[in-house]
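Good morning, and thank you for making time on the agenda. I would like to take the group through one model, beginning with the contact between its chains and ending with the question of confidence.

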Amino acid sequence: MSATILAGHLAASLTSTGQTPTGEAVLFWVLGPVMVLAALGLLFARKTVHAAMSVVVVMISLAILYVAQDAPFLGVVQIIVYTGAIMMLFLFVLMLVGVDASDSFTETIAGQRWIGFLLGGGLAVVLIGVVLNAADLAPKGLDAANEGGNPARIAQVIFGDYIFAMEVVGTLLVTAAVGAIVMTHRRRLTPLLGQRERAAARIARIDEGEILTPLPAPGVYAHSNALDVAALGPDGLPLDRSVPRVLRVRGQERSSDEVHADTSAVGAGPRIPTETIDTSDAPRTLTDEEEEA
Amino acid sequence: MSLVNYLVLAAILFSIGATTALLRRNAIIVFLGIELMLNASNLAFVTFSRVHGNLDGQVMAFFTMVVAAAEVVVGLAIIVTIFRTRRSASVDDVNLLKS
């Protein structure tokens, strides 16, 4: 049991005057400010993820304090249940809800911020005052109660004195799980659309211009990457559908005429005599006379 | 160091959690504030268990953790359901019953 060994190292038994040993005091004064700062981070963080991470820091520090306070079982449970399960659940829900959903700090109720700070500060003052005044502590320490190992003794208490509460809590957990499933269950409002239904719907839309075949490929010209140039159909007319829809929406498609003009310009360069170029094989659009013919 | 320091720390954490629940509008952060309050009470339980020298306080803290787990499951399910219908996790937007 590394936890109990750790506890033995961190927390020797209390001194005869009920004071904690020096090591534990050092641990407390290191972790205490960290925990308070992290808790304030929860209060003031603008992004929800930062707030959740602050709470994780508080919970891990609490686990260390539990181990130092002769409660190694609770320290381990704190890490497994709280930081391991509950905070992960929080982060999952954060992912569902949207990570960047930051909180608005505009006040909807006038003066709510100051009233809230006043109430929180007042609560702190009252609680600390009660603790400082009422706690005439004569700590007994847990050395006797932890005889034979803290987890074993806790098991004896849970399954002895508190067996009924244990059963009730088990029922509560099952109920909560079922409740969460029921609450997040989504009933299907429309019938499921499968492949067969989609195919039937497309065939039913033929009269409205639905095309069942794959779209024609764009024209292929060595001159450009050709995605932007419409292919020519067997009738010599450009097929607009062959250019990707995004290019068409952006107005980036080019007609085969433009491409042909570029090629002609290259062909008319000064170094090549125009007479020797055989243009009969070059890609070109049909002239008006040829189309009419 | 006296054990009262632990109780003071628990009181401070509890107050910060309560202030968070009062001030913040994001339902998830409000929930985290409630979790912080539960954790603070757990620290007080563990400390008192040490003061009194029996393990009942630690068992109570254990039960608190279990109940908190159940509460978180249901609460987060509610938040997810509200977010689905309202597209918002702000507690201010859940005002359908208002006038």
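**The contact between the chains**

In the contact, 73 residues come from chain A and 63 residues from chain B. On the chain B side, helix 1 (4-23), helix 2 (27-52) and helix 3 (56-86) each contribute at least two residues. Helix 3 of chain B gives the most, with 22 residues. Sorted by class, the side of chain B that touches chain A holds 42 nonpolar, 15 polar and six charged residues.

Let me turn to chain A as a whole. Chain A contains 11 helices and two strands. Along the sequence, the order is α-α-α-α-α-α-α-α-β-β-α-α-α. Of the 293 residues in chain A, 21% are buried. Considering contacts in chain A between residues at least 6 apart in sequence, 52% join residues at least 24 apart.

Next, the nonpolar core. Which residues touch the most other members of the largest nonpolar core? They are A10(B), I28(B) and L32(B), in a core of 76 residues. Two or more residues are given to this core by each of helix 2 (22-44), helix 3, helix 4 and helix 7 (163-184) of chain A, and by each of helix 1, helix 2 and helix 3 of chain B. The largest share, 15 residues, comes from helix 2 of chain B.

I now come to two helix pairs. Helix 2 of chain B and helix 3 of chain B pack at an angle of about 175°, and their axes are 8 Å apart. The two helices are therefore roughly antiparallel to each other. Residues of helix 2 of chain B in this packing include F31(B), L38(B), F45(B) and H52(B), and those of helix 3 of chain B include D56(B), M60(B), M65(B) and I79(B). By class, this contact has 12 nonpolar, eight polar and two charged residues.

The second pair crosses between the chains. Helix 6 (residues 150-160) of chain A packs with helix 3 of chain B at an angle of about 70°, with axes 10 Å apart. That makes helix 6 of chain A roughly perpendicular to helix 3 of chain B. Here I154(A), V157(A) and I158(A) meet D56(B), Q58(B) and V59(B).

D70(A) is found in the loop between helix 3 (48-68) and helix 4 (72-97) of chain A. Its phi is near 65°, a positive value in a residue other than glycine. Most residues other than glycine have a negative phi. Is D70(A) buried or exposed? D70(A) is buried, because 27 other C-beta atoms lie within 10 Å.

Finally, confidence. Chain A averages a pLDDT of 79, and 77% of the residues score at least 70. Among the elements of chain A, helix 3 has the highest mean pLDDT (93), whereas helix 1 (residues 2-10) has the lowest (48). Over residues 3-11 of chain A, pLDDT stays under 50, and the model has 21 contacts beyond four places in sequence for this stretch. The pLDDT is also below 50 over residues 267-277 of chain A, a stretch with four contacts beyond near neighbours in sequence. Where pLDDT is low, the predicted coordinates should not be read in detail.

Terms used. Residues are numbered from 1 along each chain as its sequence is written. Chains are lettered from A and ligands numbered from 1 in the order in which they are written. This is a predicted model: local features need pLDDT of at least 70, side-chain atom pairs count only at pLDDT 80 or more; totals for chains, interfaces and linings use all residues. Helices (H or I, at least four residues) and strands (E, at least two) are DSSP runs, numbered from the N terminus. A residue is buried if 20 or more other C-beta atoms lie within 10 Å of its own, exposed if 12 or fewer, and partly exposed in between; C-beta atoms are placed from the backbone. Two residues are in contact if their C-beta atoms, placed from the backbone, lie within 7 Å. Ala, Val, Leu, Ile, Met, Phe, Trp, Tyr, Cys and Pro count as nonpolar, Asp, Glu, Lys and Arg as charged, and the others, Gly among them, as polar. pLDDT is the predictor's confidence in each residue, from 0 to 100. Axes are lines fitted to C-alpha atoms, for helices over the stretch in contact, and angles run from 0 to 180 degrees between N-to-C directions. Angles under 35 degrees count as roughly parallel, over 145 as roughly antiparallel, 65 to 115 as roughly perpendicular and the rest as oblique. A nonpolar core is a set of buried Ala, Val, Leu, Ile, Met, Phe, Trp, Tyr and Cys residues joined through C-beta atoms within 7 Å.
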